Structure formats: structure tokens, C-alpha cells
Amino acid sequence: MEVFGSLDEFASAAGRELGPTDWLEITQDRVDLFADATGDHQWIHVDPDRAATGPFGGTIAHGLLTLSLLPHFMHQLYLVDGIAMAINYGLNKVRFISPVPVGAKIRARGVVGDVSAVSGGTQAIMTTTIEIDGAEKPAAVIESIIRYVG
């Protein structure tokens, strides 16, 4: 984990790559819990028997489950000291490039983008790539906006 002592120190890191994080295994239990939380019980996610003969050869994580793990990974990538709070301000771009099979391990790398002053704080753009262990292409690439209040 990269620790920045202040927002000024973080701002000077624009362009720097952070990570990778630890690997996280995507279990069927996690996928099922996400399906229950969101009401998305599509068979490619929750029916291992049917999914075994489907297009992915088994169940896969929801794309939105992969996206929802962004905070988990961000907490492993970096920390900015001396702030009151950080808030998710939104997403500029999200692409789900490769499906994440149940049982696969994923991790993240981030790149600090533009860091600028905004009313009431500082805003940063972070591009995060979610990698799949052993896969040629990533699961997702996410451009997120984080606001920091000092």
C-alpha cells in the first residue's frame, strides 16, 4: 500500500502506478450473496449445473460484483493521510472486458490521474484495472472519481 502524507503529496503522484493488491478469490458463495442483494439471479451466475454447459463453461461473477469490489481494492492500493474523508463521486468510464469465472482470483492495479482542487476539497481521477490470475485480458477497467475533504 502506498501511503501519501498529504493531499499535496498525493497530487504530485499523478501518473504513478499503484499496486498490485493481494489476490481475492471469487467464490460461488460471494456471487450468490451478490445475486441475493441485487435480485440478479441470472443462471450464468447462480446455476453451476446449467452454466457448465453455457457459453463460459461455468458460473461467472456479475460485472457489477467486480465493480463493487473497487473499494476493497482501493483500500489496498493507497491511503491519503490528513484528510477528514474520501467520497466516491462517481465513475467516468467502466468496461467489463473479460468474464470472471467462479474460483478465479482477481487483483487490482491503479494509476493516479488528474488531481485538482474543487469547491470544498480535492478531486482525483483513478484508473483501476482488475486483473484475473492467468488471464491475458483484464476483467475490468474503471475510471473513478474520488473527492477528498481535508
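Phe-73 is found in helix 6 of this predicted model, in which local features need pLDDT of at least 70, side-chain atom pairs count only at pLDDT 80 or more, and totals for chains, interfaces and linings use all residues. Residues are numbered from 1 along each chain as its sequence is written, and side-chain values use heavy atoms, with hydrogens and water left out. Helices (H or I, at least four residues) and strands (E, at least two) are DSSP runs numbered from the N terminus. Phe-73 is buried, at a relative accessible area of 0%; buried means under 20% relative accessible area, exposed over 50%, and partly exposed in between (1.4 Å probe, protein chains only).

- Phe-73 and Gly-19 are 54 residues apart in sequence, while their C-alpha atoms are 9.3 Å apart in space.
- Gly-19 is joined to Pro-20 by a cis peptide bond, with omega of about 15 degrees.
- Pro-20 is placed in the loop between strand 2 (17–18) and strand 3 (24–25).

**Overall fold**

- The chain has six helices and eight strands.
- Along the sequence, these elements follow the pattern β-α-β-β-α-α-α-α-α-β-β-β-β-β.
- Of the 150 residues in the chain, 37% are buried.
- Taken along the principal axes, the C-alpha atoms fill a box of roughly 55 × 30 × 20 Å.

**Aromatic pairs**

- Rings of Phe, Tyr and Trp (its six-membered ring) pair if their centres lie within 6.5 Å; planes under 30 degrees apart count as stacked, over 60 as edge-to-face and the rest as tilted.
- By this rule there are four aromatic pairs.
- One of them is the edge-to-face pair of Phe-4 and Tyr-78, at 6.4 Å centre to centre and 65 degrees between the planes.
- This pair links distant parts of the chain, since Phe-4 is in strand 1 (residues 2–4) and Tyr-78 is in strand 4 (residues 78–80), 74 residues apart.
- Phe-4 is buried, with a relative accessible area of 1%, and Tyr-78 is buried too, with 9%.
- Phe-10 and Tyr-148 form another edge-to-face pair, with 5.5 Å centre to centre and 65 degrees between the planes.
- That pair also links distant parts of the chain: Phe-10 lies in helix 1 (residues 7–11) and Tyr-148 in strand 8 (residues 140–149), 138 residues apart.
- Phe-10 is buried at a relative accessible area of 0%, and Tyr-148 is buried at 2%.
- Phe-4, Phe-10, Tyr-78 and Tyr-148 are linked into a cluster by ring pairs.

**A charge over a ring**

- The charged end of Arg-147 sits over the ring of Tyr-89, 3.7 Å from the ring centre.
- A charge sits over a ring if NZ of Lys or CZ of Arg is within 6 Å of the ring centre and within 35 degrees of the ring normal.

**The largest pocket**

- On a 1 Å grid over the protein atoms alone, a pocket is an open set of points where a 1.4 Å probe fits, with protein on both sides within 12 Å along at least five of seven lines; lining residues have an atom within 4 Å of a point.
- The largest pocket has a volume of about 440 Å³, volume being the space filled by probe spheres set on the points, which are joined across faces, edges and corners.
- Its lining has 19 residues, and Pro-71, Met-74, His-75, Ala-86 and Ile-146 lie nearest the centre of the pocket.
- Helix 6 (70–77), strand 4, strand 5 (85–96) and strand 8 each give two or more residues to this lining.
- Strand 5 gives the most, with five residues.
- The lining divides into 15 nonpolar, four polar and no charged residues.
- In this division Ala, Val, Leu, Ile, Met, Phe, Trp, Tyr, Cys and Pro count as nonpolar, Asp, Glu, Lys and Arg as charged, and the others, Gly among them, as polar.

**Annotated span**

- An unreviewed UniProt entry lists residues 10–129 as "domain: MaoC-like"; UniProt positions are in the numbering used here, feature names are shortened, and annotations may be inferred rather than shown by experiment.
- Residues 10–129 are 30% helix and 35% strand, and the end C-alpha atoms of the span lie 19 Å apart.

**Other positions**

- Leu-24 lies in strand 3 and is buried, with a relative accessible area of 13%.
- Leu-24 and Thr-53 are 29 residues apart in sequence and 26 Å apart in space, C-alpha to C-alpha.
- Gly-63 lies in helix 5 (residues 63–68) and counts as partly exposed, at 27% relative accessibility.
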